[in-house]
Amino acid sequence: MSKMQKPMTQQMLKTLTDPVRRRLFDYVLSRSEPVSRDEAAAAAGISRTLAAYHLDNLSEAGLLATTYARLQGKTGPGAGRPAKLYEPAQQEISLTVPPRNYRLLGSLLATAAASDSSGVVMGALLAAARSAGIELGESGENLMQLLRELGYEPVQEENGDITMANCPFHLVAQHQTQMVCSMNQELVSGVLAGCRCDARRAELSPAEGRCCVVIHPEA
């Protein structure tokens, strides 16, 4: 999923200070598919009308994008009309005060590592990623919560897999895909080891619109 980076505006910050809007925003981020007003209202425990109001505010602030589609299984008056759906805006939003350019730093470091033909830098990077993952996993936090805090937006699939709706290193991965994907796998593998999740393994399984790593249950 291609994302452009832009700074978080004052309007975005003000919009997210409302606790109801923040719950709705977090819910939409957690879903792998666009969300209807009814789904969002049920998840937040509010009325459909109030959910629509807050979702539209999030959209106007540039935090959510909207699409329209007919919902399957819906019956009754108006069932044939396309419903308004909400999904995360297709840009990466960052907030640093004062401004910092960590994206450029990450890109430069990634380019330097990829340019090392000896493989020494790459090996050190992967080892550091796994070591950091183990340390994070040993914190005692729940696996899904830890992955969320790392920015992966994990999704529990019906077959037992855990997919990640977001790559925290997406902008760098666009230019150094193989290196970033390998680092992601080592980082997540380290988290699993630190959490003592011996019944799970991290595997590279690239697909459009999500992180390249999928966590499988051991057969």
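## Helix H6 and Met 122

Met 122 has its place in helix H6, which spans residues 120-137, in a model that is predicted. Although Met 122 and Ser 182 lie 60 residues apart in sequence, their C-alpha atoms are 9.5 Å apart in space. When residues up to four places away in sequence are left out of the count, Met 122 touches Met 179 and Ser 182.

An open sheet is formed by four strands in the order S6-S7-S9-S8, with antiparallel pairing. Its edges are strand S6 (154-156) and strand S8 (200-204), each of which pairs on one side only. Neighbouring strands of this sheet are turned against each other by 25 degrees on average, with direction ignored.

Within the sheet, S8 and strand S9 (residues 213-217) run antiparallel and are joined by five bridges, and Leu 204 has Val 213 in S9 as its bridge partner. Helix H9, covering residues 177-194, lies across strand S7 (162-164), S8 and S9, and runs at about 180 degrees to S8.

## Nonpolar cores

The largest nonpolar core contains 22 residues, and Leu 143 and Met 164 are those with the most contacts inside it. Helix H7 (143-149), S7, H9 and S9 each supply at least two residues of this core, and the largest share, six residues, comes from H9. With residues up to four places away in sequence not counted, Leu 143 touches Ile 162, Val 191, Leu 192, Cys 195, Cys 197 and Arg 200.

## Helix H3 and its surroundings

In helix H3 (residues 37-44), the buried residues are Arg 37, Ala 40, Ala 41 and Ala 44. These residues are on the same side of H3, because the arc that they cover around the axis is only 100 degrees. The elements against which the buried residues of H3 pack are helix H2 (19-30), S2, helix H4 (48-60) and S4. After H3 comes Gly 45, whose phi is positive, near 70 degrees.

Two packed helices are described by the angle between their axes and the distance between those axes. For H3 and H4, the packing angle is about 105 degrees and the axes are 8 Å apart. H3 is therefore roughly perpendicular to H4, since angles of 65 to 115 degrees count as roughly perpendicular. At this contact, Arg 37, Asp 38, Ala 40 and Ala 41 in H3 meet Arg 48, Ala 51, Ala 52, Leu 55 and Asp 56 in H4.

Methods. Residues are numbered from 1 along each chain as its sequence is written. This is a predicted model: local features need pLDDT of at least 70, side-chain atom pairs count only at pLDDT 80 or more; totals for chains, interfaces and linings use all residues. Side-chain values use heavy atoms; hydrogens and water are left out. Two strands pair if DSSP finds at least two bridges between them. Axes are lines fitted to C-alpha atoms, for helices over the stretch in contact, and angles run from 0 to 180 degrees between N-to-C directions. Contact means heavy atoms within 4.5 Å. Buried means under 20% relative accessible area, exposed over 50%, partly exposed in between (1.4 Å probe, protein chains only). The arc is that of the directions from the helix axis to the C-beta atoms. A nonpolar core is a set of buried Ala, Val, Leu, Ile, Met, Phe, Trp, Tyr and Cys residues joined through side-chain atoms within 4.5 Å. Angles under 35 degrees count as roughly parallel, over 145 as roughly antiparallel, 65 to 115 as roughly perpendicular and the rest as oblique.
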